[in-house]
Amino acid sequence: MNDAVVISDLHLGGDNCRAGELVEFLNFIRSGELPTSRLVLNGDVFDSIDFRRLRKQHWKVLSLLRKMSDELEIV
């Protein structure tokens with residue numbers, strides 16, 4: 001088991017955000033294929049504080065992170 005997995009610069013709400021790939025990666029962690037007890041979100045999680053810019057996939061990332069917080073520590 002890994003002590004931590006670090007994800008940096010998500011930029012949710014930005015045009016260059018790769019939310020679809022991020023959802024796949026988070027599901028990879030959640031399924032236990034990449035076991036860890038801690039997920040560290042480093043750098044810019046949001047591209048802007050204007051949440052109207054968030055698309056469906058961006059909200060999916062946030063929902064998945066919320067669900068994962070019941071299972072592991074998210075920093």
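This is a predicted model: local features need pLDDT of at least 70, side-chain atom pairs count only at pLDDT 80 or more; totals for chains, interfaces and linings use all residues.
User: Which residue just after α1 takes a positive phi?

Analyst: That is G32, with a phi of about 95°. Residues are numbered from 1 along each chain as its sequence is written, and side-chain values use heavy atoms, with hydrogens and water left out.

User: How many residues does α1 have, and what span does it reach?

Analyst: The expected span of a helix is 1.5 Å times one less than its number of residues. Helix α1 covers residues 19–30, which is 12 residues, and reaches 16 Å from first C-alpha to last, close to the 16 Å expected.

User: Which residues of α1 are buried, and why do they line one face?

Analyst: Buried means under 20% relative accessible area, exposed means over 50%, and partly exposed is in between (1.4 Å probe, protein chains only). In α1 the buried residues are A19, L22, V23, L26 and I29. Seen down the helix axis, they fall within an arc of 120°, so they line one face of α1; the arc is taken from the directions from the axis to the C-beta atoms. Their cover includes β1 (5–8), β2 (38–42) and α2 (56–68), where contact means heavy atoms within 4.5 Å.

User: What is the strand order of the sheet?

Analyst: In general, strands of a sheet pair through backbone hydrogen bonds, either parallel or antiparallel. Two strands count as paired if DSSP finds at least two bridges between them. Here, an open sheet of 3 strands runs β1-β2-β3 with parallel pairing. Its edge strands are β1 and β3 (73–74), each pairing on one side only. Helix α1 packs on this sheet, touching β1 and β2, and its direction makes about 170° with that of β1. For that angle, axes are lines fitted to C-alpha atoms, for helices over the stretch in contact, and values run from 0 to 180 degrees between N-to-C directions. Parallel strands β2 and β3 are joined by 2 bridges, and L39 has I74 in β3 as its bridge partner.

User: Is H58 buried or exposed, and what is it in contact with?

Analyst: H58, found in helix α2, is buried at a relative accessible area of 2%. Leaving aside neighbours within four places in sequence, H58 is in contact with L12, G13, G14, C17, A19 and R53.

User: How many aromatic pairs does a search of the whole structure find?

Analyst: Rings of Phe, Tyr and Trp (its six-membered ring) pair if their centres lie within 6.5 Å; planes under 30 degrees apart are stacked, over 60 edge-to-face, and the rest tilted. The search finds 1 pair: F46 and F51, edge-to-face at 5.1 Å centre to centre with 80° between the planes. F46 is partly exposed at 31% relative accessible area, and F51 is partly exposed at 43%.

Key:
Helices (H or I, at least four residues) and strands (E, at least two) are DSSP runs, numbered from the N terminus.
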